[in-house]
Amino acid sequence: MYSLDQVIEYLNKKISRVNLNNQKANRGGVLVKTHHGWEDKMEMLVAITFQIIQSQFTRTANDYLPGESSLTSTSMVIGKAVARLISREPIKIEHQLTIGDLFIEGFVYHGFAELIPPTRRDESYILKATPKWEELADIPLDVVKETILGSYKEPQPISKNMHKMHDYLYDPEAPYVIAVKNLQNVNWSINTSVLDKIIAPPSQPEENDAKEQRRRSKVIEHRFITAKAEVLKEWDCFYQTFEIDYRGRIYNTEPFLNYQSSDMAKGLLLFAEPKPINESGKFWLAVHTASCYNQSYNINEIPEWCEEDYKSHLESEGLEDISVDKMTLNDRAGWTMANWDKIFSCELDLKAEKPYMFLASCYEWDFVERTGLTQLPVAIDGSNNGWQHLGAISKDSQTGELVGLVPSTIQKDFYVQTAKRLIELAQDDERLSGLLQSMPMKHIRKGISKRGSMTRAYSAGASKIAENMYFDVRAEEFTDKYGITRKDCDKLAKLLVKAINHVCPGPLQTMAYLQELAQYQIGKHELIGGTRAEFKQLKTRRRELLSKGELENDELEELNDVSIQINSFSYELTYGNGETTIEWDTPSGFRARYENFTTVDFKARARLNGKDVKHVLKTPTDRPNIRGFMSGISPNFIHSMDAAHMALVIADWDGAFGAVHDSFATHASDVEDLLQKTKQVFIDMYTNDNFFDTIRQQLTDNTDTVEQPALGELDIGDINDSTYFFC
């Protein structure tokens, strides 16, 4: 018996015993049992549930380690998916949870997962993979076929519901629609040479809990990817489907085996139709191959084949080594020329940064030599995309130099620049200064500077940056190596924000401008009828009275009086437009709509595997959250512009395309043309005397209340001569 069969058998028995005439019967079991033919669908339902849990474990938020997820959110996703498959939509939140809990219980009962109480009040229980989770890796191919939801033998038509909010305007001629259509017409095939070389992930448990959770989760992800590849390799080719979020960002509907997924998934994917290769294609394939391996060299061991003086560069940056992906394009190609023996051995090399993509590149060189053809997706990656858009909007040449908007001989390292400024700012704090002095620059960059500098472009605050930073230093074991504490991360995060403000002044002013426009559009309201303290006190008293159940006559009178007083309060708009949403049209024709409402806690008690648990989630009210809008408008607007850039490129591209938000791939022979298209679309988007005017016209009718930032001197046309805009 397969391990997953144990879950199927458990749920079959549990649902079969449900008494439909008992009002206290498990509601999830009732909803499933009343669906005709539920027994025949159980294998599929459990397979889908298993995939959802693993997807949640793999793509979890920063609040959880890999291999952990929120019980409430996981249960809701499962409940919604199962409800759709048993024709129970639309479905209430509480019924989603009861169905989700039912299926999760099958995994908990057999010890594949466990429930961990929350560490803080009003948070969800945690669903966590146990050591037995690995036993589920033995997935029958019949079950795998049930989980292939986003791959088809024929191109799929565009659905008007490809984005989740169905009342958006839909124009079939809009570039974003054409982009999705083009992506869904790309035909893929499985790289069977790579598939045959895939090895099992390590089975030895890690001592570091963060690494062990990641390893345990990767075991199942590995099996899903390889098993799906085993199924799809029997097809001549296959096509995948996509969906769009509220900002216009394009995502694969298949959660594991897609070009937006892991190194292994990308290494297994080929364009089904090969093309002749030319000299330009060989150059870009060489650059791609070197970047996939990404070997590092110490400052005193720079290879003779390098054309550039990296020693002087490293000394100026305070670095001890350089990775190949930070070298010039010619030297990246030079690495490949210098490592032909390694490449033509076509062996899996786990020392490579991306071992399976590197292995795929090795096989591609053999294919090129034998046939003169190429079919590997070769990628060009953006240099800090969020900062690129912010720099272009503000015309900030200082930022432009760091993120490839202007020409440079060697690619600038944005994270090193913020790290160097951080070190300067920390000099007045003896402990922090000592910590940073004890760390090599590459560790400061990786554990302290990188994620915060990346997410600050999307308005991450010091608190969130500190949280991410502490997660990163734990995962890298810097907590033990250097003695970094959570308190240290709290202080370092605040200094990092200041460092970023110094390094990128224009973008930070742009973010502030977006926030002020959002504040005007949503407006400010004042409470009329009394003070906020009085209003809060009345609401608290009403809640106390309602929770008592049966009330005495005097309490009933008090409840009536309290309700009348509460209703006498009102909110009056004192500034701005008083809107509840912010909408704007992106250059790709997509209408983005950002909503952020105040929330109330929705709590539901449940019993799962004999254990009382509490579900907690935030449900929106009809009142806009002005602080939420102000913190969220900048990342959402920049994400929408980044998504529009990619959509415009794809819509005007006549060729195969592998789409990741900050990385575009095509046949090696077409990379040069794709690079020029990518540059020109970006230039066209921002060739504007004052893009701040465009933003204001899109977001609000405000003309004079919100002051625009000063524009810099960046010439957006310089991108044409930049080597490292995308590379």
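Modeller: Let's start with a word we'll need a lot: a residue is buried when its relative accessible area is under 20%, exposed when over 50%, and partly exposed in between, using a 1.4 Å probe and protein chains only. Helices (H or I, at least four residues) and strands (E, at least two) are DSSP runs, numbered from the N terminus. This is a predicted model, where local features need pLDDT of at least 70 and side-chain atom pairs count only at pLDDT 80 or more, while totals for chains, interfaces and linings use all residues. Residues are numbered from 1 along each chain as its sequence is written, and side-chain values use heavy atoms, with hydrogens and water left out.

Colleague: OK, helices. Which residues of H4 are buried?

Modeller: The general idea is that an α-helix has 3.6 residues a turn, so residues three or four places apart point the same way. In H4 the buried residues include Leu 71, Ser 75, Ile 78 and Val 82. H4 covers residues 71-85 and spans 21 Å from first C-alpha to last, close to the expected 21 Å; that expectation is 1.5 Å times one less than the number of residues.

Colleague: And what caps the N-terminal end of H4?

Modeller: Look for a polar contact: N or O atoms within 3.5 Å, where, within protein, one must be able to donate a hydrogen and the other to accept it, and residues adjacent in sequence count only if both atoms are side-chain atoms. Ser 70 does the capping, with a side-chain oxygen 3.3 Å from the backbone nitrogen of Thr 72. Just after H4, Ser 87 has a positive phi of about 60°.

Colleague: Now sheets. What is the strand order in the open sheet of three strands?

Modeller: Strands of a sheet pair through backbone hydrogen bonds, either parallel or antiparallel. Two strands count as paired if DSSP finds at least two bridges between them. Here the order is S14-S22-S21, with antiparallel pairing. S14 (378-381) and S21 (658-660) are the edge strands, each pairing on one side only. S14 and S22 (residues 663-666) are joined by four bridges, and Ile 380 has Phe 664 as its bridge partner in S22.

Colleague: How many residues sit between S17 and S18 in their hairpin?

Modeller: Five, and Gly 589 in that turn has a positive phi of about 90°. The strands themselves, S17 (residues 581-585) and S18 (residues 591-595), are antiparallel over five bridges, with Ile 582 opposite Tyr 594.

Colleague: How many disulfides does a search of the whole structure find?

Modeller: A disulfide is a covalent bond between the sulfur atoms of two cysteines; the test is a pair of cysteine sulfurs within 2.5 Å. The search finds zero. Take Cys 504: its nearest cysteine sulfur belongs to Cys 727, 18 Å away. Cys 504 is buried, at 0% relative accessibility.

Colleague: Last one: why is the pair of Phe 107 and Trp 133 called tilted?

Modeller: Rings of Phe, Tyr and Trp (its six-membered ring) pair if their centres lie within 6.5 Å; planes under 30 degrees apart are stacked, over 60 edge-to-face, the rest tilted. The structure holds 31 such pairs. In this one the centres are 6.1 Å apart and the planes sit at 45°, so the pair is tilted. Phe 107 is in H5 (residues 93-109) and Trp 133 is in the loop between S3 (126-129) and H6 (141-146), 26 residues apart. Both are buried.
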